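Trainee: I would like to learn how to read a structure feature by feature. Could you take me through one?

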Amino acid sequence: MVVGASVGALNGWSIAGGCSAAHLIERWLDPSAGETLQLVPNAGWRNGWFDPAPLRAQAERIYSSYQPQIPFGLVVIELPWFRRRLIRHPHVRAAHLQATCSIPLFLPTVRIDGKRCLDGGLFENAPVWAAVEMGATRIIAIDSLPKVVGRWWLNAAFGVASLFRPRRRYRPNLKLTLIRPSEHLGDANDAVFWKRENIERWIHLGMRDAERALALESLAVPVAGDLN
């Protein structure tokens, strides 16, 4: 199965639909990938920062290009109570793919079935709990969000969000491999503004970190206790 939140859900939908690694890499190296986040005129806290139309178009394009061939789920956050919600295929729609990438304050919420939804990675970067809920017993999770993003106010926002992250206990037989970047990925501008050299470095780094993690897989032990 494949489970994702935020941009991980966009990649996950494609992967579950049979997209090859080579094609996924090709898509991210294409300059058009940088058109998903476009600043609106007079961007700021009063007028908003990014135009939701390109993200919506990207979500619709990816949704129509693939249909999962294996179980797939994504996570969104529902307002006003910030409820975490797992959406499973075949109930996933293009609007869910857009909503799970709608970063609070930067992009508007997406209304789905009367509920306002936003970024599924708001409280937890890697939705391990959702995979467990779908029945997974062996999980390889990718947490690509850097701990420090270069702007004090963003770091503060992430710190506040982490206070609302539930402490979860998983069954002792759960086998989990958590892959995190071994090097600093960059700052907030690097995350927002597409640069081919950044994408190439991240792909190389991701492959290297994944190979290291899988090489150590034989040393992985079942998760018993909290995941932080």
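**Reading the model**

Mentor: Start with the inventory. The protein has eight helices and 11 strands. Keep in mind that this is a predicted model.

Trainee: What percentage of the residues of the protein count as buried?

Mentor: Of its 228 residues, 39% count as buried. Then look at the contacts. Among contacts with a separation of 6 or more, 69% join residues 24 or more positions apart.

Trainee: Now a single helix. What span should helix H8 have, and how far apart are its end C-alpha atoms?

Mentor: H8 covers residues 196–215, which is 20 residues. At 1.5 Å a residue, H8 should span 28 Å. Its end C-alpha atoms are 29 Å apart, which agrees.

Trainee: Which residues of H8 are buried?

Mentor: Asn198, Ile199, Leu205, Asp209 and Ala213 are buried in H8. They lie on the same side of H8, because they cover an arc of only 135° around the axis.

Trainee: Why do residues three or four places apart in an α-helix point the same way?

Mentor: An α-helix has 3.6 residues a turn, so residues at that spacing point the same way. Now turn to the other side of H8. There, Glu197, His204, Glu211 and Ala215 are exposed.

Trainee: What covers the buried residues of H8?

Mentor: The cover includes helix H2 (21–29), strand S10 (175–179) and helix H7 (188–192).

Trainee: Let me pick a residue in S10. Is Leu176 buried or exposed?

Mentor: First place the residue: Leu176 is found in strand S10. Then apply the cut-off: buried means under 20% relative accessible area. Leu176 has 13% relative accessibility, so Leu176 counts as buried. Sequence distance is a separate matter. Leu176 and Ala136 are 40 residues apart along the chain, and their C-alpha atoms are separated by 10.0 Å.

Trainee: How do the lining residues of the second largest pocket divide into nonpolar, polar and charged?

Mentor: Five are nonpolar, six are polar and five are charged.

Conventions:
Residues numbered from 1 in each chain as written. Predicted model: local features only at pLDDT ≥ 70, side-chain atom pairs only at ≥ 80, totals over all residues. Heavy atoms only, no water. Helix = DSSP H or I, 4+ residues; strand = E, 2+ residues; numbered from the N terminus. Expected span 1.5 Å × (residues − 1). Buried < 20%, exposed > 50% of the residue type's maximum accessible area, 1.4 Å probe, protein only. Arc of directions from axis to C-beta. Contact = heavy atoms within 4.5 Å. Nonpolar A, V, L, I, M, F, W, Y, C, P; charged D, E, K, R; others polar.
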